[in-house]
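Dear colleague,

I am handing over the structure below. My notes on it follow.

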Amino acid sequence: MKKMISLAILLMLIAGMKAAVNIERVDPTNWFVGMNNPTLQLMVYGHDIKTADVSTTYPGVTVKEVVRLDSPNYLLVYLDISGAQPGMMKLNFVNAGKKKTINYELKSRTMKGADRKGFNSGDVLYMLMPDRFANGNVKNDDVKGMNTYKCDRTKPSLRHGGDLTGIRQHLDYFNQLGVTALWFTPVLENNSPDDNGQSSYHGYATTDYYKVDPRLGTNDEYRDLIADAHKHNLKVVMDMIFNHCGSFHPWLKDMPSRDWFNEPDYKNNYLQTSYRLTPIVDPYASKIDQKETVDGWFVPSMPDLNQKNPHVIRYLIQNSEWWIETAGIDGIRMDTYPYADYDAMAEWMKTINDEYPNYNAVGETWVTEPAYTATFQKDSKLSEKNSNLKTVMDFSFYDKLSIAKNEETDGGFSGLNRIYNSFVYDYLYPNSEDIMAFIENHDTDRFLGKGKDVKMLKQALALLLTTKRIPQLYYGTEVLMNGTKEVADGDVRKDFLGGFPGDSRNTFTKEGRSVEENEMFDWLSRLLHWRQSNEVISKGTMIQFLPHDGVYVFARQKDGKTVLTILNGTSKKVSLDMNRYAEVINDAASAVDVTTGKNISLKGNLILEPRASMVLDY
């Protein structure tokens with residue numbers, strides 16, 4: 001009899017434990033009143049939370065909908081907060097007679113959405129990898145509780161210890177160089193263990209969308225870095241990834257719903273993306289080709305999120321808004337943009353544009369044909385649908401320049417003719433000022449490759465910084481960093497010398513740079529500082545001339561001022577007849593070459609050294 005009573009008590013205790021309301025996490029961690037969209041999605045996670053009922057008596061807040069997903073451990077709560085004021089809201093969860101109340105903060109916004117200004121054609125973005133730039137806090141190199149990893153600078157594919165503190169310590173350096181905006185590769189938590197000598201140091205395998213990776217810093221340190229950057233007149237662009245997350249995200253261990261990911265039966269039927277983006281715009285594309293592009297996983301360690309699920313895209317949209325409001329980021333770079341669902345990404349951009357009309361986001365659209373890239377720009381007439389994406393990345397410019405740098409510019413299609421012919425198709429873009437151009441980035445060979453051809457690098461930079469584009473630089477170009485992906489991805493993602501303990505020299509300083517590095521830094525810095533607040537470059541019209549005798553010339557003009565960029569695309573000395581450019585020279589007799597400070601005559605013939613570049617201001 002006693003055994004029966006004890007068993008009954010035990011069963012009652014177990015039943016009570018099961019009925020207890022257990023809440024481990026709520027995303028987002030807090031929210032803001034006064035947003036255009038008054039609906040707030042809360043993702044609640046906890047053991048058997050699915051069956052809980054939710055209520056609140058907070059003034060101005062009503063529970064619109066409770067969505068019970070496939071997993072017993074998730075609950076989506078949609079609130080209408082249109083009448084709410086800032087404060088601590090109490091949310092009540094009742095499950096089988098058990099009740100749990102949690103506090104959830106609704107905050108005031110620090111500024112109106114329209115007051116947030118994004119990056120634009122007046123900016124120059126400086127892209128860097130936090131892990132490879134500077135280690136300002138060695139204490140976060142080894143973080144307990146993270147999945148197994150190593151911090152080893154001798155291995156190009158492991159973590160090297162760079163962090164947000166290291167970046168913050170060098171904000172003056174960016175001012176000295178003359179850039180106006182910083183783009184970090186993703187800073188969110190990537191809690192994946194090292195795998196065969198590889199790690200997620202690059203940041204593209206997110207495991208927590210609301211937390212900065214502890215090896216880089218904290219959310220507070222990220223916010224403080226951005227605030228300090230603003231004091232240095234520097235904008236900060238956040239790298240985001242909606243297409244996929246990391247395979248160690250909690251969603252993989254416990255999928256919220258069967259359709260949270262594309263191809264959820266990945267263990268038995270893994271589908272790799274084809275990496276072919278053309279089926280997305282191809283009018284004759286087969287369904288299987290489209291599926292493989294959009295639904296296939298980027299790599300096995302990066303599960304493909306299903307943005308067609310309205311709850312998934314709502315989670316991601318709110319996350320981007322949360323970082324704008326919380327950290328004050330000045331723009332977004334969206335990774336692998338066309339791989340995600342087109343309609344869902346258009347919804348994301350429309351939400352951002354409506355909430356922050358003066359903001360900007362750029363999408364990575366890695367196809368080298370201008371017609372493809374133009375299709376993805378907001379208000380494109382080439383697409384039946386509107387992407388709402390203001391800025392696209394000009395992979396055509398990068399591709400053509402990568403080929404042209406190894407060629408002689410002739411009277412046909414080689415060399416700088418490729419650049420001319422790429423710009424010819426700017427009529428396809430709704431807004432040619434909202435195109436981001438670059439000569440290299442973390443996914444490409446360094447422009448210098450294995451060498452140090454400074455003349456060609458200067459030519460590429462003169463072109464990049466004066467043409468009708470938003471320029472993006474890659475860290476270390478200014479001190480002649482080189483490398484190729486043929487060696488390893490890490491070879492194009494080397495540590496910035498001077499940013500890490502034990503470095504042999506400090507290239508952040510003039511004293512630590514070589515003569516050649518200082519010459520390159522000073523040359524680029526002159527050009528960058530001249531470009532700041534220069535509306536001829538940021539807003540002026542453009543006239544380009546067919547390359548003649550191997551020389552490519554284009555003009556930017558505004559309010560009676562002209563900037564003439566002259567590039568000798570040959571390895572020979574050229575005598576350039578300036579009369580050919582009379583329509584943009586007009587009555588000007590001379591100009592200042594911005595790169596040297598010298599006065600240059602605009603009459604008669606101009607002698608150009610092999611691979612020379614000039615930026616003439618008059």
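Cys151 is partly exposed at 36% relative accessibility, where partly exposed lies between buried (under 20% relative accessible area) and exposed (over 50%), with a 1.4 Å probe and protein chains only. Cys245 has a relative accessible area of 0% and is buried. Zero disulfides turn up in a search of the whole structure, a disulfide being a pair of cysteine sulfur atoms within 2.5 Å.

This is a predicted model, in which local features need pLDDT of at least 70 and side-chain atom pairs count only at pLDDT 80 or more, while totals for chains, interfaces and linings use all residues. Residues are numbered from 1 along each chain as its sequence is written, and side-chain values use heavy atoms, with hydrogens and water left out.

Leu42 belongs to strand S3 (residues 39-45); strands (E, at least two residues) and helices (H or I, at least four) are DSSP runs numbered from the N terminus. Leu42 is buried, at 0% relative accessible area. Neighbours within four places in sequence aside, the contacts of Leu42 (heavy atoms within 4.5 Å) include Val26, Asp27, Pro28, Leu91 and Tyr104. Asp27 is 15 residues from Leu42 in sequence, and their C-alpha atoms are 5.6 Å apart.

Helix H5 (residues 219-231) and helix H8 (residues 310-327) have axes that come within 9 Å and cross at roughly 65°. Axes are lines fitted to C-alpha atoms over the stretch in contact, with angles from 0 to 180 degrees between N-to-C directions. H5 contributes Asn219, Tyr222, Arg223 and Ile226 to the contact, and H8 contributes Trp322, Trp323, Thr326 and Ala327.

Regards
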